[in-house]
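Subject: Structure for you to look at

Hello,

Here is the structure I promised. Please open it beside this email and follow along.

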Amino acid sequence: MSSASTADLLRIVLSVLLPPLGVFLQEGLGTQFWLNVLLTLLGYIPGLVHAVWIIARR
(Lines give C-alpha, C1' and ligand atoms only; values in the text may rest on other atoms or scores of the structure.)
Protein backbone atom coordinates (compact mmCIF):
# COMPACT_ATOMS: atom_id res chain seq x y z
CA MET A 1 0.00 0.00 0.00
CA SER A 2 1.20 3.45 -0.79
CA SER A 3 1.25 6.14 1.85
CA ALA A 4 -1.57 8.03 0.12
CA SER A 5 -3.95 5.09 0.25
CA THR A 6 -2.96 4.39 3.85
CA ALA A 7 -3.72 7.99 4.79
CA ASP A 8 -7.05 7.80 2.95
CA LEU A 9 -7.91 4.58 4.77
CA LEU A 10 -7.12 6.23 8.11
CA ARG A 11 -9.33 9.22 7.19
CA ILE A 12 -12.20 6.89 6.28
CA VAL A 13 -11.88 4.99 9.57
CA LEU A 14 -11.89 8.29 11.47
CA SER A 15 -14.90 9.39 9.42
CA VAL A 16 -16.83 6.35 10.58
CA LEU A 17 -16.22 7.43 14.16
CA LEU A 18 -16.79 11.17 13.58
CA PRO A 19 -17.52 12.27 10.00
CA PRO A 20 -16.43 15.93 10.35
CA LEU A 21 -13.01 14.80 11.57
CA GLY A 22 -12.29 12.96 8.33
CA VAL A 23 -13.38 15.97 6.27
CA PHE A 24 -11.30 18.30 8.44
CA LEU A 25 -8.20 16.16 7.89
CA GLN A 26 -8.83 16.20 4.13
CA GLU A 27 -10.03 19.77 3.52
CA GLY A 28 -9.37 21.85 6.63
CA LEU A 29 -11.87 24.33 8.09
CA GLY A 30 -13.51 25.21 4.80
CA THR A 31 -16.97 25.02 3.31
CA GLN A 32 -16.92 21.23 3.02
CA PHE A 33 -16.16 20.86 6.73
CA TRP A 34 -19.07 23.06 7.79
CA LEU A 35 -21.39 21.35 5.31
CA ASN A 36 -20.39 18.03 6.81
CA VAL A 37 -21.03 19.31 10.35
CA LEU A 38 -24.52 20.36 9.25
CA LEU A 39 -25.19 17.02 7.52
CA THR A 40 -23.94 15.11 10.57
CA LEU A 41 -26.23 17.13 12.85
CA LEU A 42 -29.15 16.31 10.55
CA GLY A 43 -28.24 12.63 10.63
CA TYR A 44 -25.18 10.46 11.00
CA ILE A 45 -25.58 8.66 7.66
CA PRO A 46 -25.68 11.80 5.46
CA GLY A 47 -22.57 13.11 7.22
CA LEU A 48 -20.80 9.78 6.79
CA VAL A 49 -21.67 9.52 3.09
CA HIS A 50 -20.48 13.07 2.49
CA ALA A 51 -17.22 12.46 4.37
CA VAL A 52 -16.42 9.29 2.43
CA TRP A 53 -17.28 11.06 -0.84
CA ILE A 54 -14.95 13.97 0.01
CA ILE A 55 -12.09 11.59 0.84
CA ALA A 56 -12.64 9.27 -2.15
CA ARG A 57 -13.03 11.97 -4.82
CA ARG A 58 -9.35 12.92 -4.65
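Axes here are lines fitted to C-alpha atoms, for helices over the stretch in contact, and the angle between two of them runs from 0 to 180 degrees between N-to-C directions. Keep in mind that this is a predicted model.

**Helices α2 and α3**

Two packed helices are described by the angle between their axes and the distance between the axes. Start with α2, residues 19–27, and α3, residues 31–42. They pack at an angle of about 175°. Their axes are 9 Å apart. Angles over 145 degrees count as roughly antiparallel, so α2 and α3 are roughly antiparallel to each other.

Which residues make the contact? From α2 come Pro19, Pro20, Val23, Phe24 and Glu27. From α3 come Gln32, Phe33, Asn36, Val37 and Thr40. By class, six of these residues are nonpolar, three are polar and one is charged.

Now look at α2 by itself. Its buried residues are Pro19, Pro20, Gly22, Val23 and Gln26. Seen down the helix axis, the buried residues of α2 fall within an arc of 160°, so they line one face of the helix. As background, an α-helix has 3.6 residues a turn, so residues three or four places apart point the same way. Just after α2 comes glycine 28, with a positive phi of about 85°.

**Aromatic rings**

How many aromatic pairs are there? The count is two. Phenylalanine 24 pairs with phenylalanine 33. Their ring centres are 6.0 Å apart, with 70° between the planes, and the pair is edge-to-face. Phenylalanine 33 also pairs with tryptophan 34. This pair is edge-to-face too, at 4.9 Å centre to centre and 75° between the planes. Together, Phe24, Phe33 and Trp34 form one aromatic cluster.

Are phenylalanine 24 and phenylalanine 33 buried or partly exposed? Buried means under 20% relative accessible area. Phenylalanine 33 has 12% relative accessibility, so it counts as buried. Phenylalanine 24 has 37%, so it counts as partly exposed.

**Helices α3 and α4**

Next, follow α3 to its contact with helix α4, residues 44–56. These two pack at an angle of about 155°, with their axes 7 Å apart. α3 and α4 are therefore roughly antiparallel to each other. On the α3 side, the contact has Gln32, Leu35, Asn36, Leu39 and Thr40. On the α4 side, it has Tyr44, Pro46, Gly47, His50, Ala51 and Ile54. The classes here are six nonpolar, five polar and no charged residues.

Serine 15 sits in helix α1. Its relative accessibility is 0%, so serine 15 counts as buried. What does serine 15 touch, leaving aside its neighbours within four places in sequence? Its contacts are Gly22, Val23, Tyr44, Leu48, Ala51 and Ile55. Gly22 and Val23 are among the buried residues of α2. Tyr44 and Ala51 are among the α4 residues that meet α3.

Leucine 9 also lies in α1, which covers residues 3–17. At 45% relative accessibility, leucine 9 counts as partly exposed. Leucine 9 and phenylalanine 33 are 24 residues apart in sequence. In space they are 18 Å apart, C-alpha to C-alpha.

Best wishes

Terms used:
Residues numbered from 1 in each chain as written. Predicted model: local features only at pLDDT ≥ 70, side-chain atom pairs only at ≥ 80, totals over all residues. Heavy atoms only, no water. Helix = DSSP H or I, 4+ residues; strand = E, 2+ residues; numbered from the N terminus. Parallel < 35°, antiparallel > 145°, perpendicular 65-115°, else oblique. Contact = heavy atoms within 4.5 Å. Nonpolar A, V, L, I, M, F, W, Y, C, P; charged D, E, K, R; others polar. Buried < 20%, exposed > 50% of the residue type's maximum accessible area, 1.4 Å probe, protein only. Arc of directions from axis to C-beta. Phe/Tyr/Trp six-rings, centres within 6.5 Å; stacked < 30°, edge-to-face > 60°.
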